[in-house]
Structures are given as structure tokens and as C-alpha cells.
Amino acid sequence: MSNNENENKGRTFTLTESKADLVLGVFFLVFSLVLLFAIIPSQVMDVGKGFPNPRSFPNFCGYAMLVLSICMLYQSYRKRGKQGGETVTFTSRGIKMSLLALAVLIVSVVLLQFLPYIPVTIALLAGMMLLLGQRNKFVIAGVSVILPILVYVFFTYGLKLVLP
């Protein structure tokens with residue numbers, strides 16, 4: 001590899017696939033527990049026994065994440081110690097892009113406190129698609145406009161849930 005390629009690549013570190021699964025499994029397990037027992041109860045109103053409850057979909061997502069993180073931990077356990085396993089390489093640029101995507105999501109959540117769902121989600125999707133490398137303007141415009149409207153209609157009229 002030439003010096004120029006090394007400079008463009010940035011710093012890298014490598015984990016075995018079982019260690020990467022373990023780290024991600026623990027992260028998502030902790031996040032799903034925080035989501036289920038701290039975030040949802042403090043941020044989503046409980047209206048009692050009626051269906052659909054505003055907590056139904058967030059709870060479904062939290063429990064799905066919990067089950068999938070446990071599956072990932074089990075997968076990590078099964079792969080542990082196997083010779084010739086695959087490795088996962090993390091670059092500093094990839095980590096920076098992940099943190100930037102997380103920052104964009106946090107800003108959009110904050111903006112939802114002050115602005116309606118559809119414009120915030122249109123901006124979020126367009127920004128994330130650009131960040132992830134999509135350059136086709138028709139795809140960006142189509143997905144970022146049509147998808148939030150479909151989600152809004154589904155939740156508002158199908159599930160009878162009020163979006164911000």
C-alpha cells in the first residue's frame with residue numbers, strides 16, 4: 001500500500017467477528033434496556049388499557065432490539081475461539097461518520113419538540129442520505145418526501161396515533 005493510500009484510509013483497528021458481535025450485542029442490550037425502562041416511560045404518555053397505546057410501537061421496537069441483541073450475544077459466544085474467523089476493520093473516518101450520523105439524529109429529535117414531524121423528517125432523511133453517499137437527487141427527493149408522508153398517514157389514520 002502506498003503512503004497516499006494509508007493517509008486516505010486513516011487509522012484503523014481490527015476486531016475478530018466474535019468480539020465485534022460481543023461489543024455490539026452488549027451495546028444494543030444496554031440501549032434496549034434503557035429504552036424500555038427509562039426513555040419510553042419518561043417520554044411517551046401512558047393512556048391506560050386502550051389500544052393502540054402510544055407506548056405499543058416503541059415497546060415493540062425496544063423488545064425486538066432486546067431479543068436481537070441477545071441473539072447477537074449468543075452468536076458471539078458460538079463464534080468465540082474459532083480459528084480462521086473473519087475480522088471486522090474499523091476506520092477513524094467510519095467512526096467519525098457514525099458519530100456525525102448520531103449527531104444528526106439527536107438534532108432531529110430535539111427539533112421534533114419545536115417543529116412538525118413531516119418537515120423535520122424530510123430534512124433528516126435528505127441529510128442522512130447525503131451523508132451516506134446517495135447523490136441521485138430524484139432518489140433523495142422521492143424517499144425523503146414520500147416516506148415521511150406515508151409513515152404519517154399510517155400512524156395517524158391506520159394506528160390512530162398522533163405524531164408530533
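**Labels and their criteria**

Author: Asp21 counts as buried because its relative accessibility is 9%, where buried means under 20% relative accessible area, exposed over 50% and partly exposed in between, with a 1.4 Å probe and protein chains only. This is a predicted model, in which local features need pLDDT of at least 70 and side-chain atom pairs count only at pLDDT 80 or more, while totals for chains, interfaces and linings use all residues. Residues are numbered from 1 along each chain as its sequence is written, and side-chain values use heavy atoms, with hydrogens and water left out.

Reader: What makes the pair Asp21 and Lys79 a salt bridge?

Author: The N to O distance between their side chains is 3.1 Å, and the criterion asks for a side-chain nitrogen of Lys or Arg within 4 Å of a carboxyl oxygen of Asp or Glu. Asp21 lies in helix α2 and Lys79 in helix α3, so the pair ties together parts that are 58 residues apart in sequence; helices here are DSSP runs (H or I, at least four residues) and strands likewise (E, at least two), numbered from the N terminus.

Reader: How many salt bridges does a search of the whole structure find, and which residues are joined into one network?

Author: The search finds two. In the other pair, Glu17 meets Lys79 with the closest N and O atoms 3.0 Å apart, and through shared partners Glu17, Asp21 and Lys79 form one network.

Reader: Why are Glu17 and Lys79 called partly exposed?

Author: Glu17 has a relative accessibility of 26% and Lys79 one of 22%, so each value falls in between the limits for buried and exposed.

Reader: How do you know that Ser144 is buried, and what does Ser144 touch?

Author: Ser144, found in helix α6 (residues 137-158), has 3% relative accessibility and therefore counts as buried. Not counting residues up to four places away in sequence, Ser144 touches Ile122, Leu125, Ala126 and Val139, contact meaning heavy atoms within 4.5 Å.

Reader: Which residues line the second largest pocket, and how do they divide into nonpolar, polar and charged?

Author: Among them are Phe13, Leu15, Phe90 and Ser98, and the lining divides into 11 nonpolar, one polar and no charged residues. Ala, Val, Leu, Ile, Met, Phe, Trp, Tyr, Cys and Pro count as nonpolar, Asp, Glu, Lys and Arg as charged, and the others, Gly among them, as polar, so Ser98 falls under polar.

How values were computed. On a 1 Å grid over the protein atoms alone, a cavity is a set of points where a 1.4 Å probe fits but cannot get out, and a pocket is an open set with protein on both sides within 12 Å along at least five of seven lines; lining residues have an atom within 4 Å of a point.
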